[in-house]
Amino acid sequence: MSTSWQDAAAKKREAISALIPAEWKLDSTPSVQEQVDVTDFIKQYLSEDELAITESDAEQIVGKTTSGAWSAEKVARAFCHRAALAHQLLHCLHEIFFDAAIADAKKLDAYFAEHKSPIGPLHGLPISLKDQFHVKDVETTMGYVGWIGTFEGKKGTGKEKVYESEMVKELRACGAILYCKTSVPHTLMAGETVNNIIGYTHNPKNRNLTSGGSSGGEGALIGIRGSPVGFGTDIGGSIRIPAAFNGLYGLRPSTGRLPYEGMSNSMDGQNTVLSVVGPLGTTAASLRLVTKALLSQQPWLHDPLVHEIPWRSEEEEKIQQLLQFIGESVPKEKKLSFGVMQTDGVITPTAPVRRAIELVTKALEASGHGVITWAPPSHKVLNDTGFNSWVFDGGRDVRGAFALSGEPMAKQVSLYEKEMKEYTASEIAETNVQMRKLKKEYMDYWNSTAKETSTGRPVDAVISPLAPWPAAREARYKYYGYSTWVNALDYTSVAFPVTNVDASIDVKSSDFQPIDDKDQEIQADYDPQVYEGAHVSLQLVGRRLQEEKILAIAEYVGKLIGK
């Protein structure tokens, strides 16, 4: 007798819950109405030591574990506990392997006791992973019911028992502790995280809102400090959106900077706009730490698509010199220039996002940096052309995954329910030619800004919204253009927190003039009372393969605005 998809999903859901130790289970969880913000609520269940550990960022944790001040086991147990609580409040975990993590931590402690030195640069650092990474003895469902008990939908391979993604191997070699995999929207193609296994993943700061997607479980877990740093993927904003919605830093590197080898994916083989892997964390320093550690493993020797580019300290050091001038004007010879995107001309950002842009712009100008209006070639044309890559196969890949169980698609990804044509090889080639032309046009525009800046150089980075609102409300993520233009161009980008919604300040404009009906719909969806307290973030965008520079600028800007 075959099992229904509902039964299979329920069994998996219960199996995840059963892996939470009894002493960590909550007697009851408050409704959204009873407790909108659970970022402080969770603290009552943690000891003073657990709070001290889990409120630290990745750099602080590694400072303690690599010196022997904190044992790896103590740190692992603290984050496993907080992650277990987070899942009960937010539905953010797909896989729990706490016992394996604690066993690994004990091995690290034994090594440290014998050698009086750490195993690697991430010794004892807990790292969470989006449920695209393969970890030995752990399933990868990617939110699909039909993938339960299989290896990427294929039964009887036994591969899940031994196979690990390349980055997982490298993180282990660096001394990291892997302990959970986080929730995603089935298909991965949504700015909200929902699937038929664990339901909807909420935003810990404001549970009326989404945690983002598709790395939404990462955003929620790190946002509530159930993880100090984790890894997600980004093909249309899937690292930066959850980072932004949860008040975190998130790095979208250019393709080929970090290893993607051996990970599961949707629409694998589509190479026009590639998905990339990158970190999310509570500080820019956390992102730098794990990125440098991974590059120290020479991933270009194990992933044929990774560029042989070790970490370039000189690129970040130029920017880090600016940190000594926080609170005063930067000398003329050291100042930077920024392009500021107030709107992409398609959808107008809502009041809190506009205020965030103003806060950052004023802080930069007050410090002596140059700011110009960013007026690039049409983002609509760029985004529309790039979007074609998401439907090259006419939805065949994702529909096939749903067909394995017969489960329905969430409305957030209902695009793939429609009958769509498959692109021919010639049509894909035409799209690629058009994308190349659009990239050249954008490059020429960026170069042309040297005529406008006070430095005489093209702008160093662009400040841009990531979404029209601080975070979307459930099933209302209606516009992706502020994130996808970066993917289409394969630029480096870092999401960074700016402020929080203040309903008394971030009011709706009484004289707003919409561009069109879609613009009106999105503006109308913003309600200051619903959004009260939500994180408001922006992104810094640099050119291709400028990870060191843009991370350093994000850290500098963060400190400049008190974040």
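Student: What makes Asp519, Ile522, Gln523 and Asp525 of helix α16 count as buried?

Tutor: In this predicted model, these four residues lie in α16 (residues 517-525) and are buried, a word kept for residues under 20% relative accessible area with a 1.4 Å probe and protein chains only; helices are DSSP runs of H or I with at least four residues, and strands are runs of E with at least two, numbered from the N terminus. Residues are numbered from 1 along each chain as its sequence is written. Because the model is predicted, local features need pLDDT of at least 70 and side-chain atom pairs pLDDT 80 or more, while totals for chains, interfaces and linings use all residues, and side-chain values use heavy atoms without hydrogens or water.

Student: How do you know on which side of α16 they lie?

Tutor: The arc, taken from the directions from the helix axis to the C-beta atoms, is only 160°, so they are on the same side of α16.

Student: Which residues does UniProt list for "active site"?

Tutor: The unreviewed entry lists Lys130, Ser214 and Ser238, though such annotations may be inferred rather than shown by experiment. They span 109 residues in sequence, yet no two of their C-alpha atoms are more than 10.6 Å apart, so they gather at one spot.

Student: What is Ser238 in contact with, beyond its neighbours within four places in sequence?

Tutor: Contact means heavy atoms within 4.5 Å, and the partners of Ser238 include Lys130 and Ser214.

Methods. Buried < 20%, exposed > 50% of the residue type's maximum accessible area, 1.4 Å probe, protein only.
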